[in-house]
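Visitor: Could you take me through one part of this structure closely, and then show me what else can be said about the chains?

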Amino acid sequence: MKTTHYNYFTLQLLQAANCFQFTGLDAFYHFVQAHQLKDILVLTGGAGEISSFAVLHNNALFRTPTFGFNTLEDYHTSVQQHFPDAAVFYEAAAAGYKFFEDYQLVKEAGIADRDIFEKIKASGFKEGFKDYTALLQGGNPVLPEINEPSNAFELYTFATTNGFENYAGFKEALLKGFTNAQTYAIAKDQGFPSYADYKEALEKGLRGFKELEFARSKKVRDRQDFNRLIDLEFLECDTCTHDEKVLLVLLSKLEQGKRVSINKLKSLFIKMLEDYRYADTVEMPLWFKFSLPDETAITAFLLKNEQVKKYGHYDADGEFFEINRMQDRKVVIDGSNVAHNSNGNSASKPSVSNILSVIELLKSKGFTEIIVINDASLKHKLTDADKLPQLKEAAEYIEAPRENPADPFIIQYVKRHHCLLVSNDTFREWKVQDPWIAENIDFYRLAFMIKGEEVLMPDLK
Amino acid sequence: MKPIVFSSANSLIAQVSESVSLRIGYILADEIASAGGTMIDLFFSENFQHLQFRQKMIVFEAIHKSEEEKQVVQDLKAALKIQHKIKHKTPQQIVAQKKMEQTVHNICMETINGFDEMMRLSGLMEMRKLADEAALTAFTMTGNQEEDTENRTQASKLLQRLLPEMEGGHDLFFLGAEFNAEDFKETYTSYTAAQDIQNVFLESCLTFPNINLLSALELKAVRKQLDIPGIAFRKCADTWVRMCYDDIPVEERITFFKNKLLPAATLLQQTINENDLLMHCSSLQNDGIRIKLFFGEIPVELLWEYYKHFKVIGDETCSILEAAKAGGSIAGKRWPVMLLMPPEQGSETVFSLNGEDEKMPLKKSIAVD
């Protein structure tokens, strides 16, 4: 609405014949507006102080007390901005605040710095506070419990202390249960839709919403449980139940070339299964699928399953399981490690001859399934690269993709097939990253030493 | 405190060590500096896309190392040269040339993706997201570490602390886990008593879970969370580092280290142990593995030897440092270092200056007798 500007004339009232007094400024203001009067008389008292506003109309003087306002415009603005009186209006104006709401916030919250007020406004918290109050009244169950802020400044302080830059971002996080911007960013990055989900994953030691969803769907309890499930699922034998896979793992770790009575095997199997029980509740995981409830089922599995044959065979008459000789197992050679004939000695020159020597020894001991996995870069460092075709003929040869280390491929291979591994690498760095490697790799790893023409492998007695 | 981590691109394990060092430095120090090519390598695949074909060919040549491959490169170059000489190409010739160029591009990208994968595996790739942070800086060096240009740092100057930006700075070198490698141990096991300025003095100050599991966002959060609790530790570390560079008597330095720095580290360790994200990091591994962070002083010549031994610095840099050593500039000097010690599964890492050779392990098996 266009603001009317008035002309002011200050004078002292001596006498007036027709004089009428309005009861309030509001009525006077409307009167002035209604009659489109422009000239306002400012009446002063004996001491020169402003006492009233007045207008002359139809030979009469219409007056009203000023109620502390200097001008009618000020009065009008004050009313529009909801100031309670002239004193507050002028106090606010002196502090630079045009709106009573703003000034009220500043007074209530004790904001001494105008810049902070501007930040509250610019970041949307001034308006946002109303929205926040409405959200609270709506009783949204996701809203986290925080010390309820009583004004926009408190809300702003809480949000900015927790890393939020504006109300929109704060609200977005809040509606998902987050009260900290960094936590929200981390959770969002990992796909968590709510704080409750993020917290659950943190407590369970799980990473990312997908992992949590998977864990929930499988009724996995925590990280340890999760790792065990994944390790069993990854093991070769897609049709096997979990207890069958545990039995396969057991068979893969038994001392080669020995006979184990079914009773002993059963007791080892039960012991291994027991390890899967939760330490606190002593219950088996809900995801764990069984199909070997008794000795009959175990023996049937030992007799019929194809994977079992990799590790040995069951003699039903003798009621024992004869574990294959080591030679009957599949063996993977850590090509780079053997080529260097070293234990982490990067200075030694790698050669195909070293790998060929190890293959020769393995073959002489009866190994037939030999796989060599190499770093792609190895071929550039070999002192005798011309022998590579010979190597490819002597064993199955796999090369890791260019610029990729072979270690992860070797580990994955052993993990899936539970085969033997020739390497002097203790995989110490990998043990840190994967508990399976830490717990299992030494069951499958065969150390070696090459002295001149001779290859020593203490495990191959 | 501004530790410097040298790039070590020679193996995945070295890259893991570099990544962990950068991460620990990032969450702990005022600033962490990466020296070498890592910060460039992190963006290599992105930058490669924008290279001109001529520049891509240089990369193409560099990644093909065997004689066989070099021959393929030469043949391709010759074919392309012929193509480029033709002034008015037929549509078929244009298509053929484009196909050859695309092949070069694809082969390079395959290799570069391999680099990226290696950096992803090592945890370095995540540091890319922190590259804009003021807390992560770089002393850039490319192939020739002694290249003296505006945007490059000379390795020899950095290692002699001759760079103008190091004057008055509290920079200390952050050594990797290889320091404890069997073949390097021999180099320093002759150094024994810590009080003797000629010897190595290292103390375990802090332990961390495997923070290589943390994302960039999580690292940012941890840095912020440790900022205030870490003030006292950083202040002590700065004072101690300054004492080392100012050649304050060694007894005084060690006394300060033991009486001020170690207690400050103990206090900070409590905060580290109680940090939610770091606790989560521990639970992800489910085994309470801790990486140890040592602080201490080592003779400057040993520091240089370390970088030389692990081929972090090239021959040219080594020669300059040798000359400096011969000139006596580092005689009797011991500089402060940080040292990362990798965890060992299921047991506390014991840092021994006189470590015994590892016995050849035998394959385990479940006994059936």
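**A close look at one helix**

Guide: In helix α17(A), the residues A:V352, A:N354, A:I355, A:L356, A:V358, A:I359, A:L361 and A:L362 are buried, where buried means under 20% relative accessible area, exposed means over 50%, and partly exposed lies in between, with a 1.4 Å probe and protein chains only. This is a predicted model, in which local features need pLDDT of at least 70 and side-chain atom pairs count only at pLDDT 80 or more, while totals for chains, interfaces and linings use all residues. Residues are numbered from 1 along each chain as its sequence is written, chains are lettered from A and ligands numbered from 1 in the order in which they are written, and side-chain values use heavy atoms, with hydrogens and water left out.

Helix α17 of chain A covers residues 352–364, which is 13 residues, and spans 18 Å from its first C-alpha to its last, close to the 18 Å expected at 1.5 Å a residue; the expected span is 1.5 Å times one less than the number of residues. Helices here are DSSP runs of H or I with at least four residues, and strands are runs of E with at least two, numbered from the N terminus. After α17(A) comes A:G366, with a positive phi near 105 degrees.

Positive phi values also occur in residues other than glycine. One of them is A:N58, with phi near 50 degrees, placed in the loop between β4 (50–57) and β5 (60–65) of chain A; A:N58 counts as exposed because its relative accessibility is 65%. Another is A:H82, whose phi is about 65 degrees, in the loop between α2 (72–80) and α3 (86–95) of chain A, and A:H82 is exposed, with a relative accessible area of 61%.

Elsewhere in chain A, helix α20 (residues 407–417) packs against helix α22 (residues 435–444) at an angle of about 75 degrees, with axes 11 Å apart. That angle makes α20(A) roughly perpendicular to α22(A), a term for angles of 65 to 115 degrees. Here A:I411, A:V414 and A:K415 of α20(A) meet A:W436, A:I437, A:I441 and A:Y444 of α22(A), a contact meaning heavy atoms within 4.5 Å.

Turning to the other chain, chain B has 14 helices and seven strands, and buried residues make up 51% of its 369 residues. Among contacts in chain B between residues at least 6 apart in sequence, 79% join residues at least 24 apart.

Definitions and conventions:
Axes fitted to C-alpha atoms, helices over the stretch in contact; angles between N-to-C directions. Parallel < 35°, antiparallel > 145°, perpendicular 65-115°, else oblique.
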